[in-house]
Amino acid sequence: MDAAPALGISLRGVTKAFGAQVALDHVDLEIPQGSFLAVMGANGAGKTTLLKTIAGLAVPTAGSVRIAGVEMREAGPRLRALIGVVSHETMLYADLTAAENLRFHARLFGLRHPREAVERAGERLGITPVLDRPVRALSRGTRQRVALARALLHDPAILLLDEPFTGLDEAAAASLTELLEELATPERTLVVTLHDVVRAMAGPRRLVVLSAGRIALDTPIDTGSEAIAETYLGLLREEARR
Amino acid sequence: MSWLGPALAIAGKDLRLETKTRDVVASVGLFVLLVVVTASFAFPTAGAGREGVAAGVLWMAFLFAALLGMGRSMAIEKEDACLEGLLVSPAPREAVFLGKLLTNLGFTFAVEVVILPLFIVLLQLRPGGGLGLLVLDALLGTLGLVTVGTLFAAMAVNTRGREAILPLLVMPVSVPVMVAAVKVAEAGFAGGMGEGTLSWLLLMVGYDALFLLVALATFHHVTEE
Amino acid sequence: METHTLRSTATELATPDTDEAARTRRLWGLLAAISLTVLLAMAFWYAPEDANQGPVQRIFYIHVPSAWIGFLAFAVVFVASIAFLATGARRFDELAASSAEVGVVFTTAVLITGPLWGRPVWGIYWTWDPRLTSFLMLWLIYLSYLVLRGYVPEPIRRARFSAVLGIVGFLDVPIVYLSARWWRSEHPTQFVVEGGDLPPQMLVTMLVGVVAFTFLYLYLLSVRRRVARLRAAAELAEVGR
């Protein structure tokens, strides 16, 4: 066991399958605390299932998911308190205001000072002026900010984002990139699924590519990002041929 | 108690949503009112033995209220993946179930509280001392319908048929609780406890308790992937 | 770590047939064919004619075993559903689904043969007798089970949802029976055929019927499970491409 209770994520032999459908196939993956990991792959390669498995939304058929060394299966609620999730859907009630949505989630997370938590998250994401408007009336980019604020309410040690750039215009995407960079501190672990290789080169420090439920590529992103992009596109082309 | 806080938060959120949209109570209430009025024309609700007919009509109306309300309240969670938002929180799955159960009970009771007196007046029933029994009947019967219904609604919204298949799932298994509830309502309309009424009440208590346990034990299977 | 990949495991699981499975299936089929022939012969020539009801009583040699299988099939659904939720193994889901389909067939047979007998003997096709009512509800619950399966395209969800319904539905049956009894308590059922009053030849024939129908159930179940495996293989071929 590690000396420090590091808030890392550890997947061992994680398989999610049902008969012929194999979403994840014996995935072994260590994501140490402080990682900023991008997960890529074609549609149906298992990206979303991977995130759902870490978030406790999907239960693996075989293998183990450990967070901070604790088995997810055994301590779901306690571990979920450490995680923030942003899905490609907002998880927000369109008829409630942004503030009402956030306060609800603060209560759901059992936060001691829900109002303060909402104010803090609102300021951090620059949505204070729109807090009292119904989510239905907000633009896609603003909704995404509210969704991020929701995921950050409890200041999670682990942040999982599923295709967060989908549907954002360039300005919103740029500020999301900035925000992710700011959130990627040595204490926090970030896992983000992407389908645009250019986004993976702007921020994340490690890239994992899934293909048919298996890890096809696992590489640090430091220098020579063009070479990595080339390898990734090569993998995609190869897959398209099959 | 780690179940109560999140469950109350969920029910409170649904109440807040309802005060804004008035989606459920208005549409369901009106529908159930129409059922009651139409049934009053369609069935012999005057003369001898009308308590039995009235009890049947009343519980068909309550069943519709519960089914529509539950379908709607779960459909809200399905939009924008809100249910996933509940499931990624530290709230235990059981608390999420209880929260939705509270919401569905609340909505159905809200409709029943309006319909029951109206029904008694429209059909010129004279429950007298049976009123307390009718209230108890509504509580126990609705709890049974809504317990099974909340579990099945979480399944139904994830099918191709969406909420539309909820009645197909709920109605067959809720027959015993419907029979019991109708029998007790008949006694209630006739003025109070009759022969066998206690057995029917106990049957409802047993049904409610059994399926509450089953639902708590299996809810995570229908929400997790 | 085992060297073979999950994909190859899936292929093994989805293999249409193994020699052993085929042999077992043929064995059940053979036993069912023989015992059903014996049952027919016994029902018409061995068992005596009922003094009051006449030849129509002989339908009971099909009716009662069908009812037994209907109940057995749904008990299997219940147990397989619990096993599925506990283990997540696909074979339990296949077993539950197959057993439910076969069970619906036998329950349908009960609901058809019952009125055929009831009309000449009671003078009515249908009465809300507790047993009849319970079988009707059983039939409806498992029809809704099959409908639910048809409405969920994703296999995992389909398996989980139908397992939950399989458990709730089976636990509901005794409560349905109880409520149906109390409901009609003012009309006690005097038509009940008690096993104790039967002449021994009738009882033996009935027991042969139960055995024969159990073989038939096992045969149909094994055929239905083979269909499920073939379907899985087809699905795999689809995914593999």
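Leaving aside neighbours within four places in sequence, C:Arg149 is in contact with C:Ala97, C:Arg158 and C:Ser162. Contact here means that the C-beta atoms of two residues, placed from the backbone, lie within 7 Å.

This is a predicted model, in which local features need pLDDT of at least 70, side-chain atom pairs count only at pLDDT 80 or more, and totals for chains, interfaces and linings use all residues. Residues are numbered from 1 along each chain as its sequence is written, while chains are lettered from A and ligands numbered from 1 in the order in which they are written.

Stay with C:Arg149. It is found in helix α5 of chain C, residues 130-151. Helices are DSSP runs (H or I, at least four residues), as are strands (E, at least two), and they are numbered from the N terminus. Is C:Arg149 exposed, partly exposed or buried? It has 19 other C-beta atoms within 10 Å, so it is partly exposed. A residue with 20 or more would be buried, one with 12 or fewer exposed, and partly exposed lies in between; C-beta atoms are placed from the backbone. C:Ala159 is 10 residues from C:Arg149 in sequence, and 7.9 Å away in space, C-alpha to C-alpha.

Now turn to chain A. Helix α3 (residues 98-108) and helix α5 (residues 140-152) of chain A have axes that come within 9 Å and cross at roughly 20°. Axes are lines fitted to C-alpha atoms, for helices over the stretch in contact, and angles run from 0 to 180 degrees between N-to-C directions. α3(A) and α5(A) are therefore roughly parallel. That term covers angles under 35 degrees; over 145 counts as roughly antiparallel, 65 to 115 as roughly perpendicular, and the rest as oblique. On α3(A), A:Ala98, A:Asn101, A:Leu102 and A:His105 take part; they meet A:Val146, A:Ala149 and A:Arg150 of α5(A). These residues divide into 4 nonpolar, 2 polar and 1 charged. Ala, Val, Leu, Ile, Met, Phe, Trp, Tyr, Cys and Pro count as nonpolar, Asp, Glu, Lys and Arg as charged, and the others, Gly among them, as polar.

Chain B has a helix pair too. The axes of α6(B) (residues 131-156) and α8(B) (residues 175-189) come within 9 Å and cross at roughly 170°. α6(B) and α8(B) are therefore roughly antiparallel. Among the residues that meet are B:Leu133 and B:Gly141 in α6(B), and B:Val177 and B:Ala181 in α8(B). The contact divides into 8 nonpolar, 3 polar and 1 charged.

Finally, chains A and B touch. Their contact takes 27 residues from chain A and 23 residues from chain B. α1(B) gives the most to the chain B side, with 8 residues.
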